[in-house]
Amino acid sequence: MSWVYIDGRFVPAEEAAVSVYDHGLLYGDGVFEGIRAYNGRVFRLEDHVKRLYDSARAIMLEIPITEEDMCTVILETLRKNELSDAYIRPIVTRGKGDLGLDPRKCAKPTIIVVSQKWAAMYGDLYEVGLTAITVTVRRNSPAALPPNIKSLNYLNNILAKIEANVKGGDEAIFLDAEGHVSEGSGDNIFVVKDGVIFTPYTTNNLKGITRKAVAEVAEDKGIPLREVNLGLFDIYTADEIFVTGTAAEVAPVVLIDGRSVGTGKPGPITKELIEGVRKLTQTTGTPI
């Protein structure tokens with residue numbers, strides 16, 4: 001039996017529910033995180049929980065437990081489900097209100113933690129590489145809904161994923177309103193050119209935890225990494241492209257908009273970073 005944490009108690013997964021008046025359901029009014037556990041350790045738990053609370057602060061959502069308590073709940077959820085390798089989804093909604101938009105009508109937030117077994121998101125595509133599609137859907141403007149708020153309102157991302165599905169892509173690549181490369185539907189993007197790694201500024205994309213881990217591995221290996229504005233030309237002429245995310249980990253892209261990336265196979269720098277991040281995830285983290 002799988003167990004889900006909801007507001008201080010564990011309930012069987014098939015019985016887990018929220019009110020139809022919960023503003024997380026009605027309006028996507030809430031925040032979440034995606035976290036991974038490997039070999040009995042939760043990778044960068046504190047970083048993920050801090051980002052969850054930053055997202056909540058940005059939308060004036062006061063989470064009624066401390067960051068330390070949230071970490072404890074996440075670990076207890078994994079123990080309750082007897083999981084050592086897992087994907088964990090902590091969610092905080094605005095809570096039960098009414099059919100109006102006003103968040104002041106919601107008496108208290110709803111806290112949910114879901115966990116499940118998790119394998120490689122892209123299967124054997126880590127070896128052969130992904131096909132990516134740049135989509136016509138534009139990434140939300142930071143002036144409208146900052147992408148660094150990891151909110152329950154993910155329709156922008158879903159529209160991009162739908163377009164990629166229709167066009168035969170494994171992943172969607174967003175541009176922003178100015179035509180700069182933003183990110184994937186659920187991950188950050190990196191370009192390698194002439195031995196240098198380039199990635200967009202996080203103004204128009206999420207400050208990824210795996211993104212940060214890649215930067216650390218690159219620095220440790222002496223591979224230069226720069227934050228820059230990237231355009232279509234940069235991804236069409238790249239030697240290597242890869243995407244990163246908690247669920248995706250580090251995944252190579254070998255075809256984008258019908259154009260081969262480099263040799264059409266995962267490149268040497270991408271492979272080196274895959275191995276470096278894998279070592280981090282397998283050997284570090286908060287013990288369950």
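Strand 8 (residues 130-138) and strand 9 (residues 171-175) run parallel and are joined by four bridges; strands count as paired if DSSP finds at least two bridges between them. Helices (H or I, at least four residues) and strands (E, at least two) are DSSP runs numbered from the N terminus. The chain passes from strand 8 through helix 5 (residues 155-167) to strand 9 in a right-handed β-α-β crossover, meaning that, with the strands pointing away from the viewer, the path from the first strand over the helix to the second runs clockwise. The model is predicted: local features need pLDDT of at least 70, side-chain atom pairs count only at pLDDT 80 or more, and totals for chains, interfaces and linings use all residues. Residues are numbered from 1 along each chain as its sequence is written, and side-chain values use heavy atoms, without hydrogens and water.

Strand 8 also runs parallel to strand 15 (residues 249-256), with three bridges. Bridge partners in the two neighbours are listed below.

| Residue | Partner | Partner strand |
|---|---|---|
| arginine 138 | leucine 175 | strand 9 |
| alanine 132 | isoleucine 256 | strand 15 |

In helix 5, Asn156, Asn157, Ala160, Glu163 and Ala164 are buried (under 20% relative accessible area, 1.4 Å probe, protein chains only; exposed is over 50%, partly exposed in between). The buried residues of helix 5 fall within an arc of 125° seen down its axis, so they line one face; the arc is taken from the directions from the helix axis to the C-beta atoms. These residues pack against strand 8 and strand 9 (contact: heavy atoms within 4.5 Å). Leu155 and Val166, on the other side of helix 5, are exposed. Just after helix 5, glycine 168 has a positive phi of about 85°.
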